Amino acid sequence: LFDGVYPFYPQQRKAAAFSISTIIVIVVFLTLACSFLLIVPGIRGRARLYWTLRVLLSLFVGVVTVVVQFTGDWETGWVQANTSYKSFSPVQVNADVGLHIGLAGVNVTLRGNPVKQINETINYNEHFPWNFGADYDRSYSEGLEKGLPSPILYVAEKFSTQSPCAVHRQYRIASHYASATLWVAFCTWIISNILFSMPVLVYGGYMLLVTGAFMIFSLLSFSTVRNSPMCLIQIGTATLHVSYGGSFWLMLAIGLLCFVAGIAIVAMHHLNLDLLKAFFDLREDKAEEYQEMPEVFVNPHFVSKGL
């Protein structure tokens, strides 16, 4: 007690379950999807199915293109080991150490097995940013000042600018260009939707091909980090290895989907335009084309002359 008042100690930081930016993007696109589903009953016939398929697929491509900008699993790795918990302490704990690399930085996770050990809750998820405008070394220094567990500081140090591994620059530049090409892909996705609604179907298909190309370019940009040899990350007696994560493979699938959709639209434009117009609900009403005129007036003078 200090003058009859209990001292205040800040609570231990908890591991983050979701990124706030990711939640905001998903909520925005879910709102758009729900708004469309409210008007679906007003669409008649088979066009209702076509509209639903087109809109939901398009929204899915858009939300994935934006969400992967904020995810941290372009490369991931986990290892379970007995490791020291604090500096200058011989106490060891059994924990899972995870490394999650994204376009904006790296997340290091430490989760005890069990979570409650040595009278503490071992459940950390620390983010160290390297996007332009952020200072990775400063965030690492702040982690040292806060006294983060030794495994987190050890893994984070591998990506610092002063590390002998020398991978910080490669990851930072590769992630920056991957992020930039994904934003361009998002812009071309918007343009393709505008062209489909005008409607200029074949040009919308071409723009889908451009969208898929920029997505593949972003993957190629990020994969250049494999050109730099990665230092061994030794946790206790185990070695932490990283491999491409869910965001990388999801982005690859979406890029291939855009390629397939773009090629299909361009091919149908040249081979079967009527089928393409039917899918986009642009067929002319045949009943109106062949509708009989209720009354016709003919000039007998021209009929007599065979005109």
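A disulfide is a pair of cysteine sulfur atoms within 2.5 Å. The model on screen is predicted, so local features need pLDDT of at least 70 and side-chain atom pairs pLDDT 80 or more, while totals for chains, interfaces and linings use all residues. Residues are numbered from 1 along each chain as its sequence is written, and side-chain values use heavy atoms, without hydrogens and water.

Select cysteine 165 and cysteine 231. Their sulfur atoms are 2.2 Å apart and form a disulfide. The link is left-handed, with -135° about the S-S bond. Cysteine 165 sits in the loop between α4 (150-157) and α5, and cysteine 231 in the loop between α6 (201-223) and β5 (233-235), so the bond ties together parts 66 residues apart in sequence. Helices (H or I, at least four residues) and strands (E, at least two) are DSSP runs, numbered from the N terminus.

Colour by accessibility next. Buried means under 20% relative accessible area, exposed over 50%, and partly exposed in between (1.4 Å probe, protein chains only). Cysteine 165 is buried at 9%, whereas cysteine 231 is partly exposed at 26%.

Now select cysteine 34, which is partly exposed at 46%. Cysteine 187 is also partly exposed, at 43%.
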